[in-house]
Amino acid sequence: MKIKHLQKIHDLKSYRNACRVVQQLRPYIHEAFHNREKIIYLNKAGRELIGATKEVKKTSQIDHDLLRNEVYLHFDCPIDWQSEFITEIEMEVVPTLEMKINGLKPATKRRIVSDAAFIRNGYIHLIEVDNTRDMADNKKKINRYEELMPMIKDVVPVLLFFTTTEDRKRKLETWCKGKGFRFQVKTFMEL
């Protein structure tokens, strides 16, 4: 996370005060610079201190992760926030008279992995962060959501796309219109 994220989550008032807190956390964190901003993440001692099992490293996905953090902050840090949320739906298998291949059976489960999800006011908000994904992949993912969202029970699904440019936003909105599910597309400048 960026120091600015830490500052906002814990209401540390000034950036200088947030840096002072980070200084005190040094035995428990790794520090690095990315796009001229300091980012921090837990080291082994920090993970052991809080009981975390997942190791986070600085990877090529760092921009994506930091943008997902921006969305998390935008929604006021939902308690039930889950990154890499898997929606798996059991599909009804209809027997057919077609020739069957030995050892193969039709897929009975369909799944989609959202960048994050949380539930608020009876709606499950499925978050997609789009910063560098190929637009053809985005279109395929929207079609997969179209297939699976009517089958989600107990809560009403809402797809929320966050993207980097107005052009990408327009394309995503066009592809989502008429698909039969609730959606919203925003740029990160609108947060």
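1. Two strands are taken to pair if DSSP finds at least two bridges between them, and helices (H or I, at least four residues) and strands (E, at least two) are DSSP runs, numbered from the N terminus. On that basis β5 and β6, which run parallel, are joined by eight bridges, and Ile127 stands opposite Leu160 in β6.

2. The model is a predicted one, in which local features need pLDDT of at least 70 and side-chain atom pairs count only at pLDDT 80 or more, whereas totals for chains, interfaces and linings use all residues. Residues are numbered from 1 along each chain as its sequence is written, and side-chain values use heavy atoms, with hydrogens and water left out.

3. The open sheet consists of five strands in the order β3-β4-β5-β6-β7, with mixed pairing. Its edge strands, each pairing on one side only, are β3 and β7 (182–187). On average, and with direction ignored, neighbouring strands of this sheet are turned by 40° against each other, where axes are lines fitted to C-alpha atoms, for helices over the stretch in contact, and angles run from 0 to 180 degrees between N-to-C directions.

4. Two helices should be read together with the sheet. With contact defined as heavy atoms within 4.5 Å, α5 packs on the sheet and touches β3, β4, β5 and β6, its direction making about 90° with that of β4. Helix α6 lies across β5, β6 and β7 and runs at about 175° to β7.

5. The largest nonpolar core has 20 residues, and among those with the most contacts inside it are Leu126, Ile142, Tyr145 and Phe181. Such a core is a set of buried Ala, Val, Leu, Ile, Met, Phe, Trp, Tyr and Cys residues joined through side-chain atoms within 4.5 Å, buried meaning under 20% relative accessible area with a 1.4 Å probe and protein chains only. The elements that each supply at least two residues of this core include β3 (82–90), α5 (135–148) and α6 (166–176), and α5 gives the most, with four residues. Leaving aside neighbours within four places in sequence, Ile142 is in contact with Phe161, Leu172, Trp175, Cys176, Lys179 and Phe181. Apart from this core lies another, of 12 residues, among them Leu67, Val71, Phe75 and Phe162.

6. Of the lining of the largest pocket, the largest share, eight residues, comes from α4. A pocket here is an open set of points on a 1 Å grid over the protein atoms alone, where a 1.4 Å probe fits, with protein on both sides within 12 Å along at least five of seven lines, and lining residues have an atom within 4 Å of a point.

Conventions: Buried < 20%, exposed > 50% of the residue type's maximum accessible area, 1.4 Å probe, protein only.
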